[in-house]
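Have a go at each task before you read the solution.

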Amino acid sequence: MTGFASGEARSRDSAKAATVAPALLAWYDRHARALPWRIGPAERAAGRRPDPYRVWLSEIMLQQTTTAAVAPYFQTFVERWPTLGDLAAAPLDAVLGAWAGLGYYARARNLHACARAVEDEHDGRFPDTEAALAALPGIGPYPAAAVAAIAFDRPAAPVDGNVERVVARLFDVEVPLPGAKPELRRLAADLAPRRRPGDFAQAMMDLGATVCLPRRPRCEACPVAERCAARAAGRAGELPRRAPKKQRPTRRGVAFWTLDAEGAVLLRRRAESGLLGGMMEVPGTEWRAEPWAADEASAQAPVRADWTPLPGLVRHTFTHFHLELSVWAGQASAPDRADGRWVALDALGTQALPSVMRKVIRHALKQRAALS
Ligand code: SF4
């Protein structure tokens with residue numbers, strides 16, 4: 001297949017789809033990854049289903065994030081808040097603090113809002129259909145399908161980047177992403193069996209993560225190699241194709257490293273909505289394309305001070321732009337007038353600071369030590 005499927009090609013696809021599930025499920029029974037949020041083979045064989053709370057928590061954390069990065073955060077969350085009710089009762093600040101470093105912070109705020117919605121509106125039990133799950137805060141189409149399939153064994157087909165790759169190769173879809181997404185979702189839905197759809201969804205994820213690798217697929221170890229059209233055509237490693245990416249623009253800003261007489265640092269909370277919403281930050285200017293002139297930047301400083309620009313820049317990349325921050329250091333003459341919170345240096349680790357602000361703090365501490 002090189003483009004989108006005709007009616008005849010679709011019925012061929014459906015016939016092939018029916019043979020993929022048994023082979024993949026048999027492989028999954030032997031090779032399923034042991035992950036902290038999964039139940040073991042013995043429990044699976046006994047017909048037990050995983051706890052929806054743990055499935056949901058892991059799926060929200062795993063969006064845009066690797067299993068290796070998620071595992072320690074998942075452990076921290078389930079130790080600190082073992083049940084959905086515990087998480088719903090936690091202060092938002094504590095949840096944001098525990099999430100700090102995992103990125104995409106809107107997920108943490110939505111996680112908390114979702115826990116409260118399930119407690120308040122569903123008697124503390126997750127609804128068991130894809131549509132009802134998708135109506136909850138922060139549960140998009142992918143986690144809704146994943147939770148419905150994995151926790152409730154509903155015939156749903158969660159499609160993430162790994163699954164897109166497997167499907168594009170199995171059916172030799174040459175249309176580039178993101179345009180190919182609807183076709184890949186249709187083909188993935190065709191693959192999902194009525195029997196064991198939850199295990200099948202996880203088998204697809206595992207195949208993409210361990211065998212059908214992005215650049216060098218391990219086709220010799222693949223349980224569905226005989227059914228793979230891209231492998232037969234000799235272009236498995238080239239798929240999925242991608243439309244050329246737009247260049248990320250660069251934004252610039254100044255962060256003000258402000259100390260009081262006791263050496264505490266001024267932090268403030270970002271607005272609840274928008275990028276890094278509700279997280280703490282080192283106060284700064286807005287982030288924009290043009291560089292900041294000194295007088296313009298000083299006008300946005302949180303207090304009056306003699307500001308010293310520290311050498312170097314803090315660089316960070318967000319999904320849609322690169323950020324370059326200059327860090328200026330200053331001593332507040334009238335700390336009580338500042339808008340924010342003074343935090344002792346040894347208490348910074350307890351604050352809900354996103355990665356970019358942790359970089360700013362490391363940079364300020366290093367450069368000030370070099371200057372003194
Ligand atoms: Fe992926 Fe190769 Fe298996 Fe095809 S045969 S699904 S390309 S690992």
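**Exercise 1: The largest pocket**

Solution. Step two: two or more lining residues come from each of α3 (52-62), α7 (106-121), α9 (141-152), α10 (161-170) and α12 (197-210). Helix α3 gives the largest share, 6 residues. Step three: sorted by class, the lining has 19 nonpolar, 14 polar and 11 charged residues.

Some ground rules before you continue. The model is predicted, so local features need pLDDT of at least 70 and side-chain atom pairs count only at pLDDT 80 or more, while totals for chains, interfaces and linings use all residues. Residues are numbered from 1 along each chain as its sequence is written, and side-chain values use heavy atoms, with hydrogens and water left out.

The terms work like this. On a 1 Å grid over the protein atoms alone, a cavity is a set of points where a 1.4 Å probe fits but cannot get out, a pocket is an open set with protein on both sides within 12 Å along at least five of seven lines, and lining residues have an atom within 4 Å of a point. Helices (H or I, at least four residues) and strands (E, at least two) are DSSP runs, numbered from the N terminus. Ala, Val, Leu, Ile, Met, Phe, Trp, Tyr, Cys and Pro count as nonpolar, Asp, Glu, Lys and Arg as charged, and the others, Gly among them, as polar.

**Exercise 2: The second largest pocket**

Task: which residues lie nearest the centre of the second largest pocket?

Solution. Start with the volume, about 340 Å³. Of the 19 lining residues, Gly103, Tyr104, Leu275, Leu276 and Phe318 lie nearest the centre. Next come the elements: α7, β5 (314-317) and α15 (355-371) each give two or more residues. The classes are 10 nonpolar, 8 polar and 1 charged.

**Exercise 3: The ligand and its cavity**

Task: where does the ligand sit?

Solution. Count first: there are 3 cavities of 30 Å³ or more. The largest cavity has a volume of about 110 Å³. Among its 15 lining residues, Arg169, Cys212, Cys219, Cys222 and Cys228 are closest to the centre. The ligand takes the space of this largest cavity (more than half of its atoms lie within 2 Å of the grid points). Around the ligand (a heavy atom within 4 Å) are Arg169, Val211, Cys212, Cys219, Cys222, Ala225, Cys228, Arg231 and Ala236. This shell divides into 7 nonpolar, no polar and 2 charged residues.

**Exercise 4: Buried or exposed?**

Task: is glutamate 164 buried or exposed, and is alanine 42 buried or exposed?

Solution. Glutamate 164 belongs to helix α10. Its relative accessible area is 7%, so glutamate 164 is buried (buried is under 20%, exposed over 50%, partly exposed in between, with a 1.4 Å probe and protein chains only). Leaving out residues up to four places away in sequence, glutamate 164 touches Val159, Leu177, Lys181 and Leu184 (heavy atoms within 4.5 Å). Alanine 42, in helix α2 (residues 41-45), has 60% relative accessibility and therefore counts as exposed.

How values were computed:
Grid points are joined across faces, edges and corners, and a volume is the space filled by probe spheres set on the points.
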